[in-house]
Amino acid sequence: METKSVKKTNTAKTGAAGAAKGDSRLAEFFVDELKDIYWAEKHIVQTLPKMKKAATSEELKDAFEDHLNVTKTHVTRLEKAFGMLGEKVQAKKCEAMDGIIKEGTSIVDDTEEGTATRDVGLVLAAQKVEHYEIATYGGLIQLAKTLGHEDVADLLYETIKEEEEADQLLTRVAENHINYNAAQEVEE
Ligand SMILES: [Fe+2]
Ligand SMILES: [Fe+2]
């Protein structure tokens with residue numbers, strides 16, 4: 001859905017100077033999307049400690065702890081990006097992330113404490129978060145380039161790499177023990 005608008009303004013070869021005016025509809029859309037992911041990242045910062053607390057496996061707890069620190073950097077990078085664009089730092093509620101996180105919270109309610117089954121659920125929820133972030137940053141990097149903001153694109157690229165690493169780490173954690181352990185668990 002974003003590709004259409006990308007094409008439309010792709011003719012703006014004025015580069016950063018033209019785009020920096022931020023007067024095009026696409027530029028406005030871009031900033032709006034930044035506000036959206038900014039809200040999401042801040043929400044994730046609040047959620048990860050709860051996920052860590054709910055997790056049983058030490059490996060998973062560590063993964064959540066690591067990603068909490070990384071996510072704080074994502075928040076800072078977005079603040080930097082707003083500054084580069086001459087925009088004020090602002091968050092706009094991201095309904096999608098709100099939904100994904102609510103679904104994650106319900107996993108905790110629906111599973112027993114100290115079980116690998118709960119860990120499986122937490123990994124699944126966390127991977128949905130990561131995939132949403134990867135999709136968003138992928139689109140934003142493209143838009144930043146189209147708008148001539150290579151510096152912002154580079155900054156967001158650092159973040160998307162870390163989201164991908166987090167996703168891969170979660171897969172490894174699940175494959176190592178959690179999924180197997182959960183498969184052995186029987187209902188009492
Ligand atoms: Fe993030
Ligand atoms: Fe993330």
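This is a predicted model: local features need pLDDT of at least 70, side-chain atom pairs count only at pLDDT 80 or more; totals for chains, interfaces and linings use all residues.

**Helix packing and the core**

Modeller: The axes of α3 and α6 cross at roughly 160° and come within 11 Å. That makes α3 roughly antiparallel to α6, a label for angles over 145 degrees. Axes here are lines fitted to C-alpha atoms, for helices over the stretch in contact, and angles run from 0 to 180 degrees between N-to-C directions. Helices themselves are DSSP runs of H or I with at least four residues, numbered from the N terminus.

Biologist: Okay, which residues in α3 and α6 meet?

Modeller: In α3, they include F30, L34 and I37, and in α6, R118, L122 and A126 are among them. Contact means C-beta atoms, placed from the backbone, within 7 Å.

Biologist: And at what angle do α3 and α4 pack?

Modeller: About 160°, with the axes of α3 and α4 9 Å apart. That makes α3 roughly antiparallel to α4.

Biologist: Zooming out, how many helices and strands are there?

Modeller: The protein chain has 7 helices and 0 strands. Of its 188 residues, 32% count as buried, meaning 20 or more other C-beta atoms lie within 10 Å of a residue's own.

Biologist: What about the largest nonpolar core: how many residues has it?

Modeller: It has 42 residues, and L34, L60, L122 and V123 are those with the most contacts inside it. A nonpolar core is a set of buried Ala, Val, Leu, Ile, Met, Phe, Trp, Tyr and Cys residues joined through C-beta atoms within 7 Å. The largest share of this core, 12 residues, comes from α6.

Biologist: Which residues does L60 touch?

Modeller: Leaving out residues up to four places away in sequence, L60 touches A55, D119, L122, V123, V173 and I178.

Biologist: Back to α6: how far does α6 reach from its first C-alpha to its last?

Modeller: α6 has 31 residues and reaches 45 Å, close to the 45 Å expected at 1.5 Å a residue. The expected span is 1.5 Å times one less than the number of residues. After α6 comes G148, with a positive phi near 85°.

Key:
Residues are numbered from 1 along each chain as its sequence is written. Chains are lettered from A and ligands numbered from 1 in the order in which they are written. A residue is buried if 20 or more other C-beta atoms lie within 10 Å of its own, exposed if 12 or fewer, and partly exposed in between; C-beta atoms are placed from the backbone. Helices (H or I, at least four residues) and strands (E, at least two) are DSSP runs, numbered from the N terminus. Two residues are in contact if their C-beta atoms, placed from the backbone, lie within 7 Å. Angles under 35 degrees count as roughly parallel, over 145 as roughly antiparallel, 65 to 115 as roughly perpendicular and the rest as oblique.
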